[in-house]
Amino acid sequence: MTATKGLEGIVATTSSISSIIDGILTYRGIDIDELAEHATFEEVAYLLWFGKLPNQSELDQLHKDLNANAAIPNGVIDQLKLYPKDTNSMAALRTAVSSLALYDGVANDMSKEANVLKAIKLQAQIPTIIAAFARIREGKEPISPKANASIAENFLYMLTGEHPKRIAIEALDKALVLHADHELNASTFAARVTVATLSDIYSGVTSAIGALKGPLHGGANEAVMAMLEEIGSVDNVEAYVNKKLENKEKLMGFGHRVYKNGDPRAKHLQKMSRALGEITGNMKWYDMSIKIEEIVTGQKGLKPNVDFYSASCYTSLQIPRDLFTPIFAISRASGWTAHILEQYENNRLIRPRAEYIGPVNQSYVPIKKRQ
């Protein structure tokens, strides 16, 4: 046996949920460009879960089911109020999602019907948890989700207490579509490994959130915004980027292991970043991002990934930086749960081997004779 670092190039399972072939991302065979331009996030969630786009009655029912399950148990709200005010937002989400299982009477029901319902519950409740946490740490009371609102609209409403503008809803909805699934990424793999033991769906999503928390996965867009804030203005971009490149330091938001010719999702968020900048009257973050892209792509051939322009989009929506990764989780919950449902359908325990590189031919030494 020979180990492959990071499992790069290893095909670990089969899946019919999403694919990345020749740089093209599809959900259930539909190009991400088409979905980004035409589909709502709820349509995409249905597509990932059930393998087809919903008709109008199916979509209406999904909206009803999501709205009906968006409220979180009072016990979870009480728990959120006990967290230290400086708690990491992803740690808060991970803990709260895990606790949801305590309030679900069918948490351990492994029937397909029960698991589909739990997928809908998780998709509906994760945005409510994030918004509630964000308000509680500011000394405000959580806002209950309103009926007949999309996930994007409801999240922005619960976060601010104000009815969001149409452009804000459209921007967040598009971001959710673009982040919904991405083949066998780290968090999705973590979810599938967990439920392959026949653990429950809440355990699987909790594992996924733990993986997404890392800066090499979900935290990249936060790092991009931190970089933009550090640079400060367009006038400082060239010197900052050139110094980073000269020192061979990593610039967050560029390059991707599975895309050699650029991330197909990035262009959609670039357009939205510009539109939001024009509407808010603040083009600073967009202009800085464009300048950085020109230098990095021109000198290194590296192109921006989905994280790069999502940072300026979320900032234009006045979303706190440390909520960027939790928003990623709102979207990716649809993909995680789709993969979990698929794993349950044709399960086999995921148990790879490791190439042993430690010492050999060792013997036990009694403690009195040890050096």
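**Note on aromatic pairs, helix packing and buried sites**

1. Phenylalanine 50 counts as partly exposed, at 37% relative accessibility. Its ring and that of tryptophan 49 have centres 6.4 Å apart and planes at 80°, so the pair is edge-to-face. The label follows because planes over 60 degrees apart count as edge-to-face. Tryptophan 49 itself counts as buried, at 9% relative accessibility. The model under discussion is predicted, and the remarks in this note should be read accordingly.

2. The count of aromatic pairs comes to 5. One of them joins tyrosine 46 and phenylalanine 50 in a tilted arrangement, at 4.5 Å centre to centre and with 50° between the planes. These two residues are 4 residues apart in helix 2 (residues 41-50), and are therefore separated by about one helical turn. An α-helix has 3.6 residues a turn, so residues three or four places apart point the same way. Tyrosine 46 is buried, with a relative accessible area of 10%, whereas phenylalanine 50 is partly exposed. Ring pairs link Tyr46, Trp49 and Phe50 into a cluster.

3. How many residues of helix 7 (residues 151-160) are buried? The helix is mostly covered, with 9 of its 10 residues buried. They are Ile151, Ala152, Glu153, Asn154, Phe155, Leu156, Tyr157, Met158 and Leu159. The buried residues pack against helix 2, helix 3 (56-68), helix 6, helix 8 (166-179) and helix 16.

4. Lysine 146 lies over the face of tyrosine 157, at 5.0 Å from the ring centre.

5. Helix 9 (residues 186-195) and helix 16 (residues 324-345) pack with their axes 9 Å apart and at an angle of about 35°. Their crossing is right-handed. From helix 9 the contact involves Ser187, Thr188, Ala191, Arg192 and Val195; from helix 16 it involves Arg332, Trp336, His339, Ile340, Glu342, Gln343 and Tyr344. By class, this contact has 5 nonpolar, 4 polar and 3 charged residues. Helix 16 is also one of the elements against which the buried residues of helix 7 pack.

6. Lysine 121 lies in helix 6 (residues 112-136). Is this lysine buried or exposed? Lysine 121 counts as buried, at 16% relative accessibility, because the cut-off for that class is under 20%. Its contacts, leaving aside neighbours within four places in sequence, are Asn69, Asp104 and Tyr202. Helix 6, which holds lysine 121, is among the elements that receive the buried residues of helix 7.

7. Proline 304 lies in the loop between helix 14 (284-300) and helix 15 (306-316). Although placed in a loop, proline 304 is buried, with a relative accessible area of 7%. Residues up to four places away in sequence not being counted, proline 304 touches Gly253, Phe254, Asp263, Ala266, Glu293, Thr297 and Tyr309. Proline 304 and histidine 163 are 141 residues apart in sequence, and the C-alpha to C-alpha distance between them is 32 Å.

Methods
Residues numbered from 1 in each chain as written. Predicted model: local features only at pLDDT ≥ 70, side-chain atom pairs only at ≥ 80, totals over all residues. Heavy atoms only, no water. Axes fitted to C-alpha atoms, helices over the stretch in contact; angles between N-to-C directions. Left-handed = near helix turned anticlockwise from the far one by under 90°. Contact = heavy atoms within 4.5 Å. Nonpolar A, V, L, I, M, F, W, Y, C, P; charged D, E, K, R; others polar. Phe/Tyr/Trp six-rings, centres within 6.5 Å; stacked < 30°, edge-to-face > 60°. Buried < 20%, exposed > 50% of the residue type's maximum accessible area, 1.4 Å probe, protein only. Lys NZ or Arg CZ within 6 Å of the ring centre and 35° of its normal.
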